[in-house]
Amino acid sequence: VHVYTYDIFRERVGAKMVWGCWCFYPFFYCVGVWPLADATENYQIGDLSTGVACGCVSLFFLGWVLTRFANLQKFDFRIKKSPTFLFGIIKNATVPGSNERILCSGFWGVSRHINYFGEILQGSALALPGWLATGSLLPWLYPVYYVMLFVPRDLDDDLVCAKKYGKSWQKYKERVPYRIVPGLY
């Protein structure tokens with residue numbers, strides 16, 4: 001599925017994805033636990049309740065579902081030309097007059113980049129334990145990084161799609177008004 005994403009097509013090579021997956025993410029992904037690992041006199045380590053821990057895991061899983069299932073829905077629609085997704089539960093609908101290219105149902109009917117929102121939720125879920133246990137703001141670097149990555153990418157994508165799809169893109173934006181965060185942005 002990753003070879004059909006933004007990086008590959010927009011950059012033609014996926015250099016950011018290669019650099020990110022092989023160099024950046026292995027070291028930065030775990031920033032949320034750095035304060036926990038540095039449990040010296042710098043931080044007072046608190047304990048998380050079972051409910052809070054389950055909430056963090058649930059938030060991560062929600063983000064994972066939004067990201068992976070949205071990407072799978074688009075992949076299934078574009079590559080396999082499937083009229084439905086998730087065993088027929090979600091009908092793959094497009095914007096009328098868009099030449100059947102702009103998917104606006106299921107995950108893609110909630111926001112234009114619901115997959116980005118899922119990644120931000122996952123990053124927040126990874127930051128919460130380190131922040132709640134130590135009070136350090138360092139774990140929030142990871143979700144902030146995602147916001148800084150995805151907001152400009154969304155703005156760029158909007159310009160490219162407006163040029164590519166014209167009036168169909170305007171219809172899509174009317175039908176799916178939120179860019180990343182449903183009900184907010």
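The model is predicted. The chain holds 7 helices and 2 strands. Buried residues account for 39% of its 185 residues. A network of salt bridges links Arg112, Asp154, Asp158, Lys173 and Arg179.

**Overall fold**

- From the N terminus, the elements run α-α-α-α-β-β-α-α-α.
- Take the contacts between residues at least 6 apart in sequence: 67% of them join residues at least 24 apart.
- The chain exposes about 10,900 Å². Carbon and sulfur atoms supply 67% of that area.

**Salt bridges**

- Side chains of opposite charge can pair when their charged atoms come close.
- The whole structure contains 5 salt bridges.
- Arg112 pairs with Asp158, with the closest N and O atoms 3.5 Å apart. Arg112 sits in the loop between strand S2 (90-91) and helix H5 (114-134), and Asp158 sits in helix H6 (residues 141-165), so this bridge ties together parts 46 residues apart in sequence. Both Arg112 and Asp158 are buried.
- Asp154 pairs with Arg179, and here the closest N and O atoms are 2.7 Å apart. This pair links distant parts of the chain: Asp154 is in helix H6, while Arg179 is in the segment after helix H7 (167-175), 25 residues apart. Both Asp154 and Arg179 are buried.
- Lys173 also forms a salt bridge with Asp158, the closest N and O atoms being 3.4 Å apart. Lys173 belongs to helix H7 and Asp158 to helix H6, so the bridge ties together parts 15 residues apart in sequence.
- Lys173 is partly exposed because its relative accessible area is 23%, which falls between the 20% and 50% cut-offs. Asp158 has a relative accessible area of 9%, so it counts as buried, under the 20% limit.

**Helix H6**

- H6 has 25 residues. From first C-alpha to last it reaches 35 Å, close to the 36 Å expected at 1.5 Å a residue.
- Buried residues of H6 include Tyr142, Pro143, Tyr146, Phe150 and Arg153. Asp154, Asp157, Asp158, Cys161 and Tyr165 are buried there too.
- An α-helix has 3.6 residues a turn, so residues three or four places apart point the same way.
- Just after H6, Gly166 takes a positive phi of about 60°.

**Helix H4**

- Helix H4 has 29 residues. Its span from first C-alpha to last is 42 Å, close to the 42 Å expected at 1.5 Å a residue.
- Among its buried residues are Cys56, Gly63, Val65, Leu66, Thr67 and Ala70. Asn71, Gln73, Phe75, Asp76 and Phe77 are buried in H4 as well.
- The buried residues of H4 pack against strand S1 (84-85), S2 and H5.

**Nonpolar cores**

- In soluble globular proteins, nonpolar side chains tend to be buried together.
- The largest nonpolar core has 21 residues. Leu66, Phe107, Ile114, Phe117, Phe150 and Ile180 have the most contacts inside this core.
- Helix H2 (15-28), helix H4 (50-78), H5 and H6 each supply at least two residues of this core. H5 gives the most, with 5 residues.
- Phe150 contacts Tyr116, Glu119, Ile120 and Ile180, leaving aside neighbours within four places in sequence.
- A second, separate core has 8 residues, including Val95, Ile102, Trp169 and Tyr172.

**Surface**

- Val33, Trp34, Leu36, Ile45, Leu138 and Leu141 make a nonpolar surface patch of about 470 Å².
- Leu141 lies in helix H6. Leu141 has a relative accessible area of 39%, so it is partly exposed.
- Pro96 lies in the loop between S2 and H5. Pro96 is exposed, because its relative accessible area is 54%, over the 50% cut-off.
- Pro96 touches Lys171 and Arg175, not counting residues up to four places away in sequence. The C-alpha atoms of Pro96 and Lys171 are separated by 8.4 Å, although the two residues are 75 residues apart along the chain.

Conventions
Residues numbered from 1 in each chain as written. Predicted model: local features only at pLDDT ≥ 70, side-chain atom pairs only at ≥ 80, totals over all residues. Heavy atoms only, no water. Salt bridge = Lys/Arg side-chain N within 4 Å of Asp/Glu carboxyl O. Helix = DSSP H or I, 4+ residues; strand = E, 2+ residues; numbered from the N terminus. Buried < 20%, exposed > 50% of the residue type's maximum accessible area, 1.4 Å probe, protein only. Expected span 1.5 Å × (residues − 1). Core = buried A, V, L, I, M, F, W, Y, C linked by side-chain atoms within 4.5 Å. Contact = heavy atoms within 4.5 Å. Patch = residues over 30% accessible without salt bridge, like charges linked within 9 Å, V, L, I, M, F, W, Y side chains within 5 Å. Areas by Shrake-Rupley, 256 points an atom, 1.4 Å probe, with all protein chains shown as cover.
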